[in-house]
Amino acid sequence: MTAAAAFTLEVPKSGRWPIFGWFAVLFLAGAQITAFAISPPDRDMGDLQKILYVHVPTAWNMGICYLLVAIYSFRFLWKRDDRDDLIAASAAEVGTLLNGLTLVLGMIWARPTWGVWWVWDARLTSTLIMFLVFAGYLALRAFVEEPDRRALWSAVAGIMGAINYPIVYMSVRWWRTIHQVQSTPSTLDPTYTFSLRLNAVAVLFILIYFIRRRYEAALTERVAEQVSQAAALGGPLNA
Amino acid sequence: MPEMIASNGYYVAAAYAVGWLCILGYLLRLHSLLRRSREALAHAKTIGGAP
């Protein structure tokens, strides 16, 4: 059975997702205001420490996106359900956005603390490589028109790309690097952990909203394609 | 010292501005994608005669 044949025509509903979107945006704004209000300047970095609350949550949630890509790519290879392919693709797009944002925020933080915008060290280079791999994944999806082949190749590329994430995460321990070790509640002053966790949850809500709505758009588009194909073969179709 | 703190403020402001620009930019892209996909579905239904 091909992926197209296994697909059931069902138009996704927006439901209460627009309300959740507003909630996520307001929650993020509130989390950032809270972080500014309650966390004191760092002894060495001063207010530059505040970049922690955007850079680290973005990097963590990028990892969640790539984990979803791996899980749903495996599911697609196993069950050949188009919906798994579309969820993986949606997570990959949002992950690439967060990956690019992590890199840019890191550069903005690096300039005043390290004195340079960029260093070719293990953490930065591996993060850049992962960004390029997933940019390639999105390009692959854009260029391959046949849906079954696109889904199959994307699943393989998505799994290969997601394998990079543990390397990125552990790079600061495996190699000598200018980047500090992973910022986790255990490596951070307790004064900053609450705000960091709050902002991580806020970015997680944004991520959930982005992936769900991107999936909704992709699935609606796929249903439209199937309705058009069915109409071309000559029969009315309930969608 | 005050100059350094002031210049650091620009970096913090730049980081948050970039973050929000990304989020708002992607929200606009999502809005556009959703609108286009619904239009495509409505068009396909018109051709196919689906209710």
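How many salt bridges are there over all chains? The count comes to 12. The model discussed here is predicted, so please read every value below as computed from that model.

## Chain A at a glance

Let us start with the overall build of chain A. Chain A holds eight helices and zero strands, and its elements therefore read α-α-α-α-α-α-α-α when followed from the N terminus. Along the principal axes, the C-alpha atoms of chain A fill a box of roughly 70 × 40 × 25 Å. Chain A has 239 residues, and 51% of them count as buried. Among contacts in chain A with a separation of 6 or more, 77% are between residues 24 or more positions apart.

## Salt bridges

Back to the charged pairs. Side chains of opposite charge can pair when their charged atoms come close. Here are some of the pairs, with the N to O distance of each.

| Pair | N to O distance |
|---|---|
| A:Arg222 and A:Asp82 | 2.6 Å |
| A:Arg214 and A:Glu93 | 3.0 Å |
| B:Arg29 and A:Glu93 | 3.0 Å |
| B:Arg35 and B:Glu39 | 3.5 Å |

Take A:Arg222 and A:Asp82, whose side chains meet in a salt bridge. A:Arg222 belongs to helix α8 of chain A and A:Asp82 to helix α4 of chain A, so this pair ties together parts that are 140 residues apart in sequence. A:Arg222 is buried, at a relative accessible area of 5%, and A:Asp82 is buried too, at 2%.

The salt bridge of A:Arg214 with A:Glu93 also involves helices α8 and α4 of chain A. Because A:Arg214 sits in α8 and A:Glu93 in α4, the pair ties together parts that are 121 residues apart in sequence. Both A:Arg214 and A:Glu93 are buried.

What about a pair within chain B? B:Arg35 and B:Glu39 meet in a salt bridge. They are four residues apart in helix α1 (residues 2–48) of chain B, which means that about one helical turn separates them. B:Arg35 is partly exposed, with a relative accessible area of 41%, and B:Glu39 is partly exposed at 46%.

## Where the chains meet

Now for the interface itself. In chain A, 43 residues are in contact with 28 residues of chain B. The size of an interface is often given as the accessible area lost when the parts come together. Between chain A and chain B, the buried area is about 3,000 Å², and carbon and sulfur atoms give 76% of that area. On the chain A side, the residues that lose the most area to chain B are A:Leu101, A:Ile108 and A:Phe210, which together make up 15% of what that side buries.

There are two salt bridges between chain A and chain B, and six residue pairs are in polar contact there, with both residues at pLDDT 80 or more.

Which helix of chain A gives the largest share of the side that touches chain B? That helix is α8(A), with 14 residues. At least two residues each come from α2 (17–38), α3 (52–79), α4 (82–114) and α8 (190–232) of chain A. By class, this side of chain A has 29 nonpolar, six polar and eight charged residues.

A:Asp81 is placed in the loop between α3 and α4 of chain A. A:Asp81 counts as buried, at 15% relative accessibility. A polar atom of the A:Asp81 side chain lies 2.9 Å from the backbone nitrogen of A:Arg83.

## Cysteines

Finally, a word on the cysteines. The model has zero disulfides over all chains. A:Cys65 is in no disulfide, and the nearest cysteine sulfur, in B:Cys22, is 13 Å away. A:Cys65 is buried, with a relative accessible area of 0%, whereas B:Cys22 counts as partly exposed at 22%.

Terms used:
Residues are numbered from 1 along each chain as its sequence is written. Chains are lettered from A and ligands numbered from 1 in the order in which they are written. Side-chain values use heavy atoms; hydrogens and water are left out. A disulfide is a pair of cysteine sulfur atoms within 2.5 Å. Buried means under 20% relative accessible area, exposed over 50%, partly exposed in between (1.4 Å probe, protein chains only). Contact means heavy atoms within 4.5 Å. Buried area is the accessible area (1.4 Å probe) that two parts lose on being put together, summed over both. A salt bridge is a side-chain nitrogen of Lys or Arg within 4 Å of a carboxyl oxygen of Asp or Glu. A polar contact is a pair of N or O atoms within 3.5 Å; within protein, one must be able to donate a hydrogen and the other to accept it, and residues adjacent in sequence count only if both atoms are side-chain atoms. Ala, Val, Leu, Ile, Met, Phe, Trp, Tyr, Cys and Pro count as nonpolar, Asp, Glu, Lys and Arg as charged, and the others, Gly among them, as polar.
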